[in-house]
Amino acid sequence: MGKKTLQKGKSYYKKGKVLWVLKYKEKLFSKVLGTYPYYVEVDLAKNSNRCTCPQGKDCKHVAAVLMAFEEGFYIESEDPLSESLPELIIEKYFFTEDPALGIEVLLKELQYQINNDESGSEVTRLLRKTLKLFPQAPSAEMRFQIIEIFNEFKRVFSEYKLTEELEKEIKKILNF
């Protein structure tokens, strides 16, 4: 990887664009927010990588994941499903081990999606997942962020019946 790519990757990591990194044996799996959400795999033993971005490998997303790993920002797993379903393992970790981190990650993704989701479907899915985690790790700051994201959703999708339903769910869980 070139110096410029490594610098861009470092910048991505510092800006919090690496949502999560899962280490299973000698492999890393990750989700990185770029122009779109991208999925990265790194094989540390074989010194190889791949990414779902247009470049396909040796990109800034991979560099960001390597930086995150070097900085200790990863979750280690012994579950063999990690290789096939890393996102499932991460979600299980968030729901059973660290719901506050799960909410933090979901809020980052929601901030991204509120500006990119043209149908509102992905924002709704992520909001509902966040609402399921919130009672396990409630905080005033996270509550405020959820409400802010929902208010933007409501502004953009005011005509949707879904917006009314989502508002009821949010009011019930967040008491707002």
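The structure is a predicted model, in which local features need pLDDT of at least 70 and side-chain atom pairs count only at pLDDT 80 or more, while totals for chains, interfaces and linings use all residues. Residues are numbered from 1 along each chain as its sequence is written, and side-chain values use heavy atoms, with hydrogens and water left out.

Helices (H or I, at least four residues) and strands (E, at least two) are DSSP runs numbered from the N terminus, and two strands pair if DSSP finds at least two bridges between them. Strand β2 (residues 27–33) runs antiparallel to strand β3 (residues 37–43), and seven bridges join the two. Lys27 has Asp43 of β3 as its bridge partner. The two strands β2 and β3 make up a hairpin, with three residues between them. Strand β3 is also joined by four bridges to strand β4 (residues 48–51), again in antiparallel orientation. Here Val40 is paired with Cys51 in β4. The hairpin of β3 and β4 has four residues between its strands, and in this hairpin Asn47 takes a positive phi near 55°.

Salt bridges were defined as a side-chain nitrogen of Lys or Arg within 4 Å of a carboxyl oxygen of Asp or Glu. The whole structure contains 13 of them. One of these joins Glu87 to Lys31, with the closest N and O atoms 3.4 Å apart. Because Glu87 belongs to helix α3 (residues 86–96) and Lys31 to strand β2, this pair ties together parts that are 56 residues apart in sequence. Glu87 is partly exposed, at a relative accessible area of 26%, whereas Lys31 is buried at 3%.

Two further salt bridges lie within helices. In helix α5 (residues 121–133), the side chains of Arg125 and Glu122 meet at an N to O distance of 2.6 Å. These residues are three apart in the helix, so about one helical turn separates Arg125 from Glu122. Both are partly exposed, Arg125 at 38% relative accessibility and Glu122 at 22%. In helix α7 (residues 161–174), Lys171 and Glu167 are four residues apart and are therefore also separated by about one helical turn. Their closest N and O atoms are 3.9 Å apart in the salt bridge. Glu167 is buried, with 16% relative accessibility, while Lys171 is partly exposed, with 39%. Elsewhere, salt bridges with shared partners join Lys31, Glu87 and Glu109 into one network.

Ile146, in helix α6 (residues 140–156), has a relative accessible area of 0% and is buried. Apart from neighbours within four places in sequence, Ile146 is in contact with Leu107, Leu127, Thr130, Leu131, Phe134 and Leu174. Thr124 lies in helix α5 and is buried at 4% relative accessibility. With neighbours within four places in sequence again left aside, the contacts of Thr124 are Phe153, Leu162 and Leu166.

Definitions and conventions: Buried < 20%, exposed > 50% of the residue type's maximum accessible area, 1.4 Å probe, protein only. Contact = heavy atoms within 4.5 Å.
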